[in-house]
Amino acid sequence: MDNQHVSSLDVSFYEARDLIYGFYHAINWKEDKFVLWILIIHIFLLLITISTLKYHKFQIYLFFTLVVFVGSSTILNDLGDQYWREFSTQNYFDKNGFFVTTIYSFPLLLMLVIIVANLIRNMFQLMTKVKALQLRQE
């Protein structure tokens with residue numbers, strides 16, 4: 001297939017792939033341990049999110065905690081920009097917050113989606129039970 005027949009979707013895929021590879025290679029994974037700690041914390045939070053899906057009250061508390069974490073990303077980006085020399089070999093914290101959004105906020109937002117989807121599923125199950133009880137009483 002020559003370049004004239006490459007669809008815009010293929011071009012977008014290759015551009016996205018190049019951005020991801022570039023982002024991955026821009027991080028100093030061996031020396032900047034704080035990035036690995038962020039990922040470890042995200043894995044821990046994901047395990048908590050998944051293992052507590054049946055505990056609705058805990059999920060609501062976790063939801064609001066994660067919302068606060070995501071909401072604090074701008075402050076964390078500003079602090080990271082100011083003090084990056086204390087914990088990193090290079091400044092990952094730009095004005096737009098791309099690093100914080102990608103490494104910190106996006107995984108938390110995915111966990112929030114899991115919690116919301118679970119709460120909606122539970123709501124539908126409860127509505128079904130209530131409707132079944134109403135029909136039995138009639």
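Phe87 counts as partly exposed, at 33% relative accessibility (partly exposed lies between buried, under 20% relative accessible area, and exposed, over 50%, with a 1.4 Å probe and protein chains only). The model is predicted, so local features need pLDDT of at least 70 and side-chain atom pairs count only at pLDDT 80 or more, while totals for chains, interfaces and linings use all residues. Residues are numbered from 1 along each chain as its sequence is written, and side-chain values use heavy atoms, with hydrogens and water left out.

**Aromatic residues**
- Phe93 is buried, with a relative accessible area of 8%, and Phe34, Phe87, Tyr92, Phe93 and Phe99 form one aromatic cluster.
- The structure holds eight aromatic pairs (rings of Phe, Tyr and Trp, the last by its six-membered ring, with centres within 6.5 Å; planes under 30 degrees apart count as stacked, over 60 as edge-to-face and the rest as tilted).
- Among them, Phe63 and Phe64 are edge-to-face, at 5.3 Å centre to centre and 85° between the planes.

**Helix 2**
- Phe34, Val35, Ile38, His42, Leu45 and Thr49 are buried in helix 2 (helices are DSSP runs of H or I, at least four residues, numbered from the N terminus).
- Seen down the axis of helix 2, these buried residues fall within an arc of 105°, taken from the directions from the axis to the C-beta atoms, so they line one face.

**Contacts of Leu66**
- Beyond its neighbours within four places in sequence, Leu66 is in contact (heavy atoms within 4.5 Å) with Leu45, Leu108, Met111, Leu112 and Ile115.

Key. Helix = DSSP H or I, 4+ residues; strand = E, 2+ residues; numbered from the N terminus.
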